[in-house]
Amino acid sequence: MDFIIAKYNYWIYIILMMIGLYGMIAKNNLAKKVVGMTLFQTAIILFFISTSVKSGGATVPIVMGDPHLHGHVIPGTVHAIQYLNPLPHVLMLTAIVVMVATFGIAVALLMRIYKRYGTLEGDEIVEIRKQEAAL
Amino acid sequence: MSANYPAFIIMVPFISALLIFVIGWWNKRLSCGLVVAVLATVFLLSIGVMKDVMANGTIRYWLGGWEPPWGIEYVVDYLNAFMLVIISFVSLVVTIYSKKSIEKEIPDKIVPFYSLYLLLITGLMGIVITGDLFNVFVFLEIAAISCYALIGVGRKGASYSAFKYVVMGTVGASFYLLGVGYIYLVTGSLNMLDVAEILPSLYGSKIVLTAGVFMLVGIALKMAVYPLHAWAPGAYSDAPSAVSALIAPLMTKVAAYLMIRIFFTVFKPYFFVDVIPLASILTWIAAVSVIAGSIYAIAQSDLKKMLSYSVVAQIGYIALGIGLANEAGLTGAVLHILNEAFTKACVFMVAGAIIYKTGSCNILGFKDLYRKMPFTMSAFLIGAFSMVGIPPTCGFFSKLYLIIGSIDAKQWVFVAVLLTSSILNVIYFFRVIKIAAFEDVIPDYSRTTPYVAYRLDEAPLSMLIPILIMATGILVCGVFSPEIINTVIQHIIPASF
């Protein structure tokens with residue numbers, strides 16, 4: 001039980017990811033597949049962000065310089081343990097941009113698919129495509 | 001100046017992709033010329049970088065002067081430089097070809113088309129040149145997103161194929177990202193060379209094992225290895241012909257490059273051979289991919305679809321060479337990347353030219369094509385020879401090395417698979433050639449002049465010349481393949497073999 005509670009953030013990420021994967025595989029509606037895809041990506045963002053957390057009141061890495069030293073820091077006063085790791089956050093900013101772009105293009109394609117086939121149900125589209133190929 | 005070439009290789013196409021809107025707004029017809037100029041520059045820069053690598057060894061370019069592992073660095077060694085030259089050359093030739101084809105297929109979207117086209121090439125070059133694991137993901141997505149859009153404007157029903165690619169491609173990239181995350185978790189670094197130094201002491205860790213598996217599965221999805229190939233045939237065959245001719249040779253090959261990097265640079269080869277037996281799993285998957293792809297290809301009646309399944313089969317060769325993880329196998333894999341890039345570009349361009357002239361690429365409608373389009377179809381014949389592996393062409397040599405690699409690894413099944421696949425290639429390529437060369441249109445005797453007038457009906461020169469360049473390239477690469485191996489590929493093989 002401790003194993004689950006102590007690492008609950010990772011469990012949430014795995015569960016979210018699996019929901020996303022399930023949505024992409026099992027759902028017939030293409031729009032729902034897009035929702036699943038977005039969940040899948042969001043889960044990864046959650047994973048990255050939760051890796052940067054440190055327990056014990058660590059905070060954002062804004063280091064105040066000493067005004068007497070022209071803004072420089074007195075050596076030995078800054079400890080990494082006091083600050084969160086900012087890098088995963090930065091990486092995830094990029095990943096979010098990628099995610100938005102992917103989402104945008106997926107929705108644009110959905111619009112084109114709907115215009116062409118008049119439906120977003122996967123099996124109906126496959127049926128229409130089969131008929132078109134037979135012609 | 002020449003020290004900054006690695007940065008220029010990325011920045012020139014990237015900035016031009018935005019600039020093209022300005023030029024295109026002023027004059028639509030200039031956009032293709034601009035792309036050709038840009039890609040010619042990129043090609044020359046790649047050659048420059050290649051020469052630099054050959055003279056001075058690996059280039060490590062610190063972007064913005066930030067020292068690695070904090071900053072992003074571009075690392076160019078023999079493998080990267082080789083890939084850069086291939087990508088820039090193939091894309092340059094395909095661009096010349098694309099002008100007429102695009103004017104006919106999507107006349108109203110020329111300017112955005114070329115903008116996306118350059119972005120796609122930027123992404124591909126970026127994946128190859130960067131030495132940073134996360135940066136690879138960013139470029140992977142730049143290439144993929146522009147690719148989705150380019151496929152989406154293709155022939156009827158392309159939007160559905162593109163959608164499939166969006167979903168599966170995103171899963172692939174996400175798995176890769178997850179693998180990078182796990183590696184960052186244990187090493188605290190994203191720089192490939194830095195990670196490679198830290199990792200060996202951690203090979204026992206389950207996190208590293210998971211990272212390796214996630215990355216390989218993600219890349220295998222992008223590579224379209226057999227069970228993960230479902231997106232590829234639709235996406236490649238429904239895209240506009242010029243786009244097919246660009247992505248079929250390059251996208252999967254760049255993913256294959258990435259797999260070589262992960263296998264042999266980021267992880268040590270023995271990790272995937274001894275610590276977890278992923279290499280042998282990969283070889284078996286690759287063998288299935290080779291056979292299944294070929295059998296699917298035989299079943300197709302649409303030329304582009306047939307060629308797309310052939311991509312799946314051929315990527316199997318490369319994966320097999322990587323998975324064998326011995327000297328001959330890797331040589332074969334790298335040589336096959338070059339060979340495949342040229343051959344697939346050639347045959348897809350031929351398919352595009354046939355569509356341009358006849359409006360369809362159903363194989364059954366190819367009768368008399370040799371009399372109408374002799375040059376195009378001769379290029380197709382050379383491409384087919386290379387696919388099958390007939391000596392003067394480059395396909396023979398890469399297959400030879402793969403077979404030697406399989407023998408070295410004492411994997412007789414793979415020898416059989418490689419030889420069988422050659423026969424399967426014969427079946428599906430020569431079927432096309434048989435119909436096009438030997439089946440005549442039956443003359444209509446009821447008419448007063450009872451013969452069919454055969455007129456030369458070739459594709460326009462701007463399409464024909466790129467096709468012929470590629471066909472010549474296949475032969476040249478074949479004839480000079482010992483030189484290519486001695487000067488370049490030899491240095492790619494890691495010392496630990």
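Predicted model: local features only at pLDDT ≥ 70, side-chain atom pairs only at ≥ 80, totals over all residues.
User: Where does B:V90 sit, and how far is B:L250 in sequence and in space?

Analyst: B:V90 belongs to helix α3 of chain B, residues 78-105. B:L250 is 160 residues from B:V90 in sequence, yet their C-alpha atoms are 8.2 Å apart.

User: How do I read contacts over the whole chain?

Analyst: Look at sequence separation. Take the contacts in chain B between residues at least 6 apart in sequence: 79% of them join residues at least 24 apart.

User: What is chain B built from, and how does its radius of gyration compare with the globule rule?

Analyst: Chain B has 20 helices and two strands. Its radius of gyration is 22 Å, close to the 23 Å that the globule rule gives for 497 residues, so chain B is as compact as a globular protein of that length. Along the principal axes, its C-alpha atoms fill a box of roughly 85 × 60 × 40 Å.

User: Now helix packing. How do α12(B) and α18(B) lie relative to each other?

Analyst: Start with the crossing angle; under 35 degrees counts as roughly parallel. The axes of α12(B), residues 278-299, and α18(B) cross at roughly 15 degrees and come within 9 Å, and the two helices are therefore roughly parallel to each other. Their crossing is left-handed.

User: Which residues meet there?

Analyst: Among them are B:A287, B:V290 and B:I291 in α12(B), and B:V417, B:L424 and B:Y428 in α18(B). By type, the contact of α12(B) with α18(B) divides into 12 nonpolar, five polar and no charged residues.

User: And at what angle do α13(B) and α17(B) pack?

Analyst: Helix α13(B), residues 303-324, packs against α17(B) at about 35 degrees, with the axes 10 Å apart. That crossing is left-handed too. On the α13(B) side, the contact uses B:Y317, B:L320, B:G321 and B:L324, while α17(B) brings B:L402, B:G405 and B:S406. The tally is four nonpolar, three polar and no charged.

User: Which residues have a positive phi without being glycine?

Analyst: Two to look at are B:A224, with phi of about 65 degrees, and B:K410, at about 60 degrees. B:A224 lies in the loop between α8 and α9 of chain B, and B:K410 in the loop between α17 and α18.

User: Last one: how many residues does each chain give to the contact between A and B?

Analyst: Counting residues here, 21 come from chain B and 26 from chain A. On the chain B side, the elements giving two or more residues are α5, 133-152, and α6, 158-187. The largest share, 13 residues, comes from α6(B). That side of chain B divides into 14 nonpolar, six polar and one charged.

Technical notes. Residues numbered from 1 in each chain as written. Chains lettered and ligands numbered in written order. Contact = placed C-beta atoms within 7 Å. Helix = DSSP H or I, 4+ residues; strand = E, 2+ residues; numbered from the N terminus. Nonpolar A, V, L, I, M, F, W, Y, C, P; charged D, E, K, R; others polar. Axes fitted to C-alpha atoms, helices over the stretch in contact; angles between N-to-C directions. Left-handed = near helix turned anticlockwise from the far one by under 90°. Rg over C-alpha atoms; globule rule 2.2 N^0.38 Å. Parallel < 35°, antiparallel > 145°, perpendicular 65-115°, else oblique.
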